[in-house]
Amino acid sequence: MGNNSTFIIILILLVGTVFYFYFQSPKNVNSEIQTTSGELMRTIPMSVNPGQTFQITYSSDKQGKWGAIIVDSVSGGCLFSNGKTGYKSVMLSENGPQSEIVEVTAPSSGSCTFTGDYNFEVPIIKFPDQTIQVK
C-alpha cells in the first residue's frame, strides 16, 4: 500500500472512532478530574467506583493540520477497553483542536496509575504520571 492509502485508512478509522465516542453518553459519575498540561492533555477522574467504566480524554487545542502519536499504559488492575493495560493511538486533525475519548474499567479496589507519552514530532513528551483511587 502506498503512503496515501495508509493515511486514508488511518483517517477513516479515526473519524469512525470519533463518531462512535461522540454519540456515547458520558459514564463518569465523579466530577473531580485531573488534567495534564501541554500540547496534548490527558484528563482522568480523581476517583472511581469499584468496577466502574470511566473515560479518559486526550485533547489538544493545537491549530492547523497536525498528527500526534499516543502511547499510554495503566497499572493497578485497570484495563483499557481493549482488555489490555496498554493503549496506542494516532490523532489526526485537518484544521485545529481535536479530542479522543477512551474507556477504562476499574478493578474492585486499590488505585491505578497511568504512565505514557505522546509526540507531535520529536521529541517524545512524557505525560505526568496520574493515579486514580478506586473507592
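User: What counts as a salt bridge here?
Analyst: A salt bridge is a side-chain nitrogen of Lys or Arg within 4 Å of a carboxyl oxygen of Asp or Glu. The model in question is predicted.

User: How many salt bridges does a search of the whole structure find?
Analyst: The search finds four. One of them joins Asp 72 to Arg 42, with the closest N and O atoms 2.7 Å apart.

User: Which parts of the chain does that pair tie together?
Analyst: Asp 72 belongs to strand S5 (residues 66–75) and Arg 42 to strand S2 (residues 41–45), so the pair ties together parts that are 30 residues apart in sequence.

User: Is Asp 72 buried or exposed, and what about Arg 42?
Analyst: Asp 72 counts as buried, at 2% relative accessibility. Arg 42 also counts as buried, at 0%.

User: And what does Glu 94 form a salt bridge with?
Analyst: Its partner is Lys 65, and the closest N and O atoms are 3.7 Å apart. Glu 94 sits in the loop between S7 and S8, while Lys 65 sits in the loop between S4 and S5. Glu 94 is partly exposed, with a relative accessible area of 44%, whereas Lys 65 is exposed, at 66%.

User: Changing topic: which strands are joined to S8?
Analyst: Strand S4 (residues 53–60) is joined to S8 (residues 98–105) by eight bridges, and the two run antiparallel. In this pairing, Phe 54 stands opposite Val 104. Strand S6 (residues 79–80) also runs antiparallel to S8, joined by two bridges, with Leu 79 opposite Thr 105.

User: Lastly, what is the mean pLDDT of the chain?
Analyst: The mean is 83, and 73% of the residues reach 70 or more. Over residues 15–31, however, the pLDDT is below 50.

Notes. Residues are numbered from 1 along each chain as its sequence is written. This is a predicted model: local features need pLDDT of at least 70, side-chain atom pairs count only at pLDDT 80 or more; totals for chains, interfaces and linings use all residues. Side-chain values use heavy atoms; hydrogens and water are left out. pLDDT is the predictor's confidence in each residue, from 0 to 100. Contact means heavy atoms within 4.5 Å. Two strands pair if DSSP finds at least two bridges between them. Helices (H or I, at least four residues) and strands (E, at least two) are DSSP runs, numbered from the N terminus. Buried means under 20% relative accessible area, exposed over 50%, partly exposed in between (1.4 Å probe, protein chains only).
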